[in-house]
Amino acid sequence: MESKYGFLKMTIGEFEAWMNTLHIARTILTVQQHHTWVPNYDHFDGSNHFERQLAMKNHHVGANGWSDIGQHFTIFPDGIILTGRSLEATPACIYGANQHSICFEHLGDFDQGGDQMRLEQRNAIIRATAVICRKFNLPINPFSIVYHHWYELGTGRRTNGSGSTKSCPGTNFFGGNKVEDFQKYFAPLVQAELTGGALPPIPPSMKYAVVTANILNVRTAPKGSASKASDRPPVERGAVLRIYDESNGWLKISKSQSHWVYGRYTESVDRATVNASVLRVRSGPGTNFSIVGTLPKSEEVFIAEEKSGWCKLALEEKWLSKQYLDFVA
């Protein structure tokens, strides 16, 4: 591994080993797939990984006004992976649909007539996606692994490719950018990578909490005088945490490590799945409130409040009808 400009450079083998050592507080539900379009293969000379990553960060911060580079990882044509923004931070990659996601940017233009993806990059994309799915117990389906093309640009509403969308991750990305292309070409490759390595079981009766403070420190014991955890950064507002234990108002957020946050700065939430074909999202708890969006079947959400048969999304003034939700026991 090599570090420069605040980025870490890894082979796919190093990436897998590194990911296995990480403790990530926020709950991950989706893996986003993107291509950079520009820069593309013409801008890569085989040795300028750090320079290309820094240029993307400078553009995202300077031109877009973001706080950091948008993606968590960039996979280069030679299969090398560079880190981007902190994994505890929400990505800035699909407007309105970034929460609970990890974002991969694949350097290249993978539209028809663009770059021909190199084998090294192809293999790294498949394996890195499988690594994330295994670590966070994500099923191989078009709700856990998503393409930018499936989301409307101005709203983040999922349209599966209709309306105003980007072609990202490319019309020639592993056979195409449609949901059916994902299911036919990409999903089987990721599933095959996981064959023989079963996903970890989901802990029974898992509790969740959303962070309400801007920044919440992680400490090594359930008390304010305990030292901050040295192997994980503070947790950001909006992150949904898995709760393994409670003690005197403190919440344990790691199964294997003594990592605790103060519960006063969190709010309990329940995990649920949409069971309707299309579920309307409203601005208040009733059909008399305006429709502010829709959610597709099988979308997972976190519910912070229930009122008269309606459920409020965590930290948002958005409401769903309870009858169209299946809650995780």
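This is a predicted model: local features need pLDDT of at least 70, side-chain atom pairs count only at pLDDT 80 or more; totals for chains, interfaces and linings use all residues.

Visitor: What is Phe 186 in contact with, leaving aside its neighbours within four places in sequence?

Guide: With those neighbours set aside, Phe 186 is in contact with Gln 33, Ile 125, Ile 126, Thr 129, Ile 145, Tyr 147, Phe 174 and Asp 181. Phe 186 is also, together with Phe 15, Met 19, Phe 73 and Ile 132, among the residues that touch the most other members of the largest nonpolar core, which has 43 residues.

Visitor: Which element gives the most to this core?

Guide: That is α3, with 8 residues, while β2, α1 (12-21), β4, β6 (101-106), α3, β7 and α4 each supply at least two. In soluble globular proteins, nonpolar side chains tend to be buried together. Apart from this core lies another, of 13 residues, including Val 211, Leu 216, Ala 239 and Leu 251.

Visitor: Switching to the sheets: in what order do the 7 strands run?

Guide: They form an open sheet with mixed pairing, in the order β1-β2-β5-β4-β6-β3-β7. Its edge strands are β1 (2-4) and β7 (145-147), each of which pairs on one side only, and the twist from one strand to the next averages 25 degrees.

Visitor: How many bridges join β1 to β2?

Guide: There are 3 bridges between β1 and β2 (residues 7-10), and these two strands run antiparallel; Ser 3, for instance, has Leu 8 in β2 as its bridge partner. Helix α2 (residues 49-62) lies across β1, β2, β4 (73-75) and β5 (81-83), running at about 140 degrees to β2.

Visitor: What about the sheet of 3 strands, which ones stand at its edges?

Guide: That open, antiparallel sheet has the order β12-β13-β14. The edges are β12 (245-247) and β14 (260-262), each with a single partner strand, so one side of each has no neighbour in the sheet. Between β12 and β13 (residues 250-252) there are 3 bridges, and Glu 246 stands opposite Leu 251 in β13.

Visitor: Now charges. How many salt bridges does the count come to?

Guide: The count comes to 11. Side chains of opposite charge can pair when their charged atoms come close. One of the pairs is Asp 68 with Lys 57, at 3.8 Å from N to O, which links the loop between α2 and β4 to helix α2 across 11 residues.

Visitor: And how far apart in sequence are Lys 322 and Glu 306?

Guide: They are 16 residues apart: Lys 322 lies in the loop between β20 (319-321) and β21 (325-327) and Glu 306 in strand β18 (residues 300-307), so the pair ties those parts together. Their side chains meet at 2.8 Å, N to O.

Visitor: In the pair of Arg 157 and Glu 152, is Glu 152 buried or exposed?

Guide: Glu 152 counts as buried because its relative accessibility is 18%, under the 20% cut-off, whereas Arg 157 is partly exposed, with a relative accessible area of 33%. Their side chains meet in a salt bridge of 3.4 Å, N to O.

Definitions and conventions. Residues are numbered from 1 along each chain as its sequence is written. Side-chain values use heavy atoms; hydrogens and water are left out. Two strands pair if DSSP finds at least two bridges between them. Helices (H or I, at least four residues) and strands (E, at least two) are DSSP runs, numbered from the N terminus. Axes are lines fitted to C-alpha atoms, for helices over the stretch in contact, and angles run from 0 to 180 degrees between N-to-C directions. Contact means heavy atoms within 4.5 Å. A nonpolar core is a set of buried Ala, Val, Leu, Ile, Met, Phe, Trp, Tyr and Cys residues joined through side-chain atoms within 4.5 Å. Buried means under 20% relative accessible area, exposed over 50%, partly exposed in between (1.4 Å probe, protein chains only). A salt bridge is a side-chain nitrogen of Lys or Arg within 4 Å of a carboxyl oxygen of Asp or Glu.
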